[in-house]
Amino acid sequence: MIIKTEKEKKILYEAGRRLALVLDEVEALVRPGATSAELNSHAERRIKEMGDVPSFLHYTPAGSRRPYPAGLCVSINDEVVHGIPSEERLLKEGDIVGLDIGLRHEGLFVDMARTLPVGNVSKEARDLIFITKESLEAGILAAKSGGYVGDIGAAIEVVAKRGKLGIVRELGGHGVGEAVHEEPYIANFGKTGTGEKLIDGMVLALEPMLTLGSPAVVLGKDGYTFRTRDGSLSAHFEHTIIVTPDGGEIVTC
Ligand code: MG
């Protein structure tokens, strides 16, 4: 989507504000002993209470055979993205947990994710989380109108490489606003000055997924959960942004 009116911009920012609020609440529930289903129930309930729609619930991504069964993705440790919430899945001290969430407010879609430590985690895990967040910030700064999609990937790649982390290559960011996923696809690596041109007002979801080990991923039997092939930890951060001449403006905050 490309934002063309002040009204659209206002709706998008309100959507982002609401989504960040819900994710803050879910974050407060993260603790050893919490189930991933509990986090999801809270997220779905709060989005509906506000009169909005959890946009991941019943969404069928391209290539999937069944709709996603929850409003929140909960991906623990070596799970990279799209972990399905479950009553049986308990968070434990030392885990890291990725929370990915989306909503539709007055017809517009926003999307965001964070990875959090559960209690005390290893220094390696803390660094992974910190650097992944930093790589997203670098990508956002690079999302300037007049630039190119490759500028974003290149900026993310620099931070990941400096941190000696793997970059998941099969998954990436995307356009958003009028649908859960739109063009362009945004790889988390690349070359500056390549790919689609970035236009003022473009709405994008940037989402680096980095790993402590090999970046190779495998898709689980549930058809949704991606995990690292070598079992190494993975982190994921995401914001919905609007492209401006000075870089991305964060909508989901
Ligand atoms: Mg996304």
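Select glutamate 49 to start: this residue is partly exposed, with a relative accessible area of 48% (buried means under 20% relative accessible area, exposed over 50%, partly exposed in between, with a 1.4 Å probe and protein chains only). The model is predicted, so local features need pLDDT of at least 70 and side-chain atom pairs count only at pLDDT 80 or more, while totals for chains, interfaces and linings use all residues. Residues are numbered from 1 along each chain as its sequence is written, and side-chain values use heavy atoms, with hydrogens and water left out.

**Salt bridges**

Arginine 45 is partly exposed, at 42% relative accessibility.

Next, select glutamate 25 and arginine 46. Their closest N and O atoms are 2.7 Å apart, in another salt bridge. Glutamate 25 belongs to helix α1 (residues 6-29) and arginine 46 to helix α2 (residues 36-49), so the pair ties together parts that are 21 residues apart in sequence. Arginine 46 is buried, with a relative accessible area of 18%, whereas glutamate 25 is partly exposed at 23%.

Move to lysine 92 and aspartate 95, a salt bridge with the closest N and O atoms 3.1 Å apart. Aspartate 95 is buried, at 4% relative accessible area. In total, the structure holds 16 salt bridges.

**The sheet**

Now show the open sheet of five strands, in the order β8-β7-β9-β14-β15 with antiparallel pairing (two strands pair if DSSP finds at least two bridges between them). At the edges stand β8 (182-186) and β15 (247-250), each with a single partner strand, so one side of each has no neighbour in the sheet. From one strand to the next, the twist averages 35 degrees (axes are lines fitted to C-alpha atoms, for helices over the stretch in contact, and angles run from 0 to 180 degrees between N-to-C directions).

Zoom in on β7 (residues 173-175), which pairs with β8 in the antiparallel sense over three bridges. Here histidine 174 stands opposite tyrosine 185 in β8.

Finally, select helix α3 (residues 123-142), which packs on the sheet and touches β9 (203-206), β14 (239-244) and β15 (contact means heavy atoms within 4.5 Å). The direction of helix α3 makes about 115 degrees with that of β15.

Definitions and conventions: A salt bridge is a side-chain nitrogen of Lys or Arg within 4 Å of a carboxyl oxygen of Asp or Glu. Helices (H or I, at least four residues) and strands (E, at least two) are DSSP runs, numbered from the N terminus.
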